[in-house]
Amino acid sequence: MKTANTGLRIHRRLAPRLANAALAALALIVVLGMAEIVIGSGRIRWNIIVEYLFAPAVLNGVAMTLMLTLVSLLGSMMLGTILAAMRISRNRVLETIASAYVWFFRGTPVLVQVVFWFNLGLFLPQVTIGSLSLPINSLVTPTTAALLGLLLNVSAFMCEVIRGGLIAVDNGQTEAALSIGMTPTRALLRIVLPQAVRVIVPAAGNLAIDLLKATSLVYVIGTREILGTTQSIASQTFYVIEMLIVASLWYLFLVSIASFGQSRLETYLARGLSTAGRELPRANLG
Amino acid sequence: MTFVQENHQDDIVRMKGLTKAFGAHLVLKGVDLTVRRGEASFIIGPSGSGKSTLLRCVNSLETYNDGELWVEDYLVGAEKRGDAWYEARPRVTAARRARIGMVFQRFNLFPNMTALDNVTSGLRMVLGQGRREAEDRGRELLDRVGLLDRAGAYPAQLSGGQQQRVAIARAIAARPSLILFDEPTSALDPELVGEVLAVMRDLVREGMTMMVVTHEIQFAEEVGDTVHFIDGGRVAESGTPADVIRASRNARTSEFLARIR
Ligand SMILES: Nc1ncnc2c1ncn2[C@@H]1O[C@H](COP(=O)(O)OP(=O)(O)OP(=O)(O)O)[C@@H](O)[C@H]1O
Ligand SMILES: [Mg+2]
């Protein structure tokens, strides 16, 4: 590097660049070695993977995974916002109810919750709404049980993510909103929440990606999402590894899209604000 | 509970024995204070004496524990049904706050909105005015505080003095009957204080009713109609600036003034 004005020269250091090149080479060797083990074994029928990747049954599974993810996500945003508002409210009853909800649904595994909803009929065989009486088993299909379990569970986490965003907004914002005549609810929704979104989005994005993958758990109750579909094909055809690869490719693809969307959203939300374009400090690892 | 008398016509704020405690900490110990319509009322006093708390009680940002606080014809925190007063519902309190402007020490502009959107926020989101109508009024207000050319700027792009002028424009947008100022110049660099005081001086000239907590004693002396010296949660002395600031006979007031000058 040579400064333009004075011609003073600062020499590049070679050592960190050599170390970097060596690390890259090592990583490449590891990856190639693993690929050799998997591909070179000759046990994987690649044509099967290609054949099943876009098979109608698999595509239906993808659609089911997307549906489970999006519905649970949107539902948890609404329920999570309500719970977060309850948790930060001064009303002790509301606060306690929301805290208890979070404690319970965050404290038990999502798989347990899903299986519980699926077996609801065991101790609650009938629901009666007015004069109408319905057997629970006609309401609780694998899909509704999966949705219910995922939505209620992820709402508890979403509540905490949203609450973190809300309390990150300076209290002066609420006071200013109240002082111009907003009701507390309106101040929360119109002034505080929009500012909290910038804090909420990164964490909520991670939650969404976790949720996308957690939908695979519900295959145990027979829901036909990506894993359920591919597992059922595998059990009929014995293409066990191939079907796992098909499932993995789809998850990787969907998560990549979600990550891309998340980073675009973060860039968009940062516009016009003082922190726009500000880079996080990067650790200097040479 | 019975109340001695309701608010007098000419009084916009009347406090009688106003008492406020945070937990066991008694902050206001029976404040008696009246603000007349059209008056510029200044509140001075040492740090921690309860000035902000007093001001915040007027628009219900704080609740009070005892005594009476009347604004216009209502008892703050209560609404009348029949002959009795009940706890005010949130939307009643909100509607009352819309009639009182407030300017904060730290400006508290909405950072995700432009200067113009900040000024029109109450008009649009509380009074339900259309964008056109609200923005016409918003531009008129920005012009009054000398910031029409910065209408599209975000708060982060404005200096402290400019932000506080936008905040004043926001506070007066809905034509409130009273404005509360809580140390409006304390967070500003010294060279920016003047531009904010100039805007406030204009408001006083127009006959705006205001309660101002400040350490700008000279300004209080210049434009104030009344000055209240608060000490230890009580009004120690009230009167014209001439009485309280120039010729105080109260030892605590004199001591305080000597200290901050
Ligand atoms: N939310 C609160 N909770 C507990 N104590 C509080 C709270 N707000 C204020 N106080 C206390 O009440 C007292 C009076 O506070 P206040 O802010 O009204 O004083 P002030 O006269 O405005 O002082 P300053 O000039 O420093 O702004 C202080 O001792 C303060 O610590
Ligand atoms: Mg104060």
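**Figure 1. Elements of chain B around ligand 1 in the predicted model.** Strand 2 (25-36) and helix 1 (51-58) of chain B each contribute at least two residues to the shell around ligand 1. Helix 1 of chain B provides the largest share of this shell, with three residues. The shell consists of three nonpolar, eight polar and two charged residues.

**Figure 2. Polar atoms of chain B beside ligand 1.** Among the 13 residues around ligand 1, those that come nearest are Ser47(B), Gly48(B), Lys51(B), Ser52(B) and Thr53(B). Oxygen atoms of ligand 1 lie 2.6 Å from a polar side-chain atom of Ser47(B) and 2.8 Å from a side-chain N or O atom of Lys51(B). At Gly50(B), a backbone N or O atom is 3.0 Å from an oxygen atom of the ligand. On its own, ligand 1 has 630 Å² of accessible area, of which the protein covers 60%.

**Figure 3. The aromatic pair Phe229(B) and Phe256(B).** Over all chains, the whole structure holds nine aromatic pairs. The ring centres of Phe229(B) and Phe256(B) are 5.3 Å apart and the planes meet at 40°, so the pair is tilted. Phe229(B) belongs to strand 11 (residues 226-231) and Phe256(B) to helix 9 (residues 251-260) of chain B; the pair, 27 residues apart, thus links distant parts of the chain. Both residues are buried.

**Figure 4. An aromatic cluster in chain A.** Phe54(A), Trp250(A) and Phe253(A) together form one aromatic cluster.

**Figure 5. Charged ends over aromatic rings in chain B.** The charged end of Lys20(B) sits over the ring of Phe22(B), 4.8 Å from the ring centre. Over the ring of Phe110(B) sits the charged end of Arg170(B), 4.6 Å from the centre.

Terms used
Residues numbered from 1 in each chain as written. Chains lettered and ligands numbered in written order. Predicted model: local features only at pLDDT ≥ 70, side-chain atom pairs only at ≥ 80, totals over all residues. Heavy atoms only, no water. Near = heavy atom within 4 Å. Polar contact = N/O pair within 3.5 Å; in protein donor to acceptor, adjacent residues only side chain to side chain. Areas by Shrake-Rupley, 256 points an atom, 1.4 Å probe, with all protein chains shown as cover. Helix = DSSP H or I, 4+ residues; strand = E, 2+ residues; numbered from the N terminus. Nonpolar A, V, L, I, M, F, W, Y, C, P; charged D, E, K, R; others polar. Phe/Tyr/Trp six-rings, centres within 6.5 Å; stacked < 30°, edge-to-face > 60°. Buried < 20%, exposed > 50% of the residue type's maximum accessible area, 1.4 Å probe, protein only. Lys NZ or Arg CZ within 6 Å of the ring centre and 35° of its normal.
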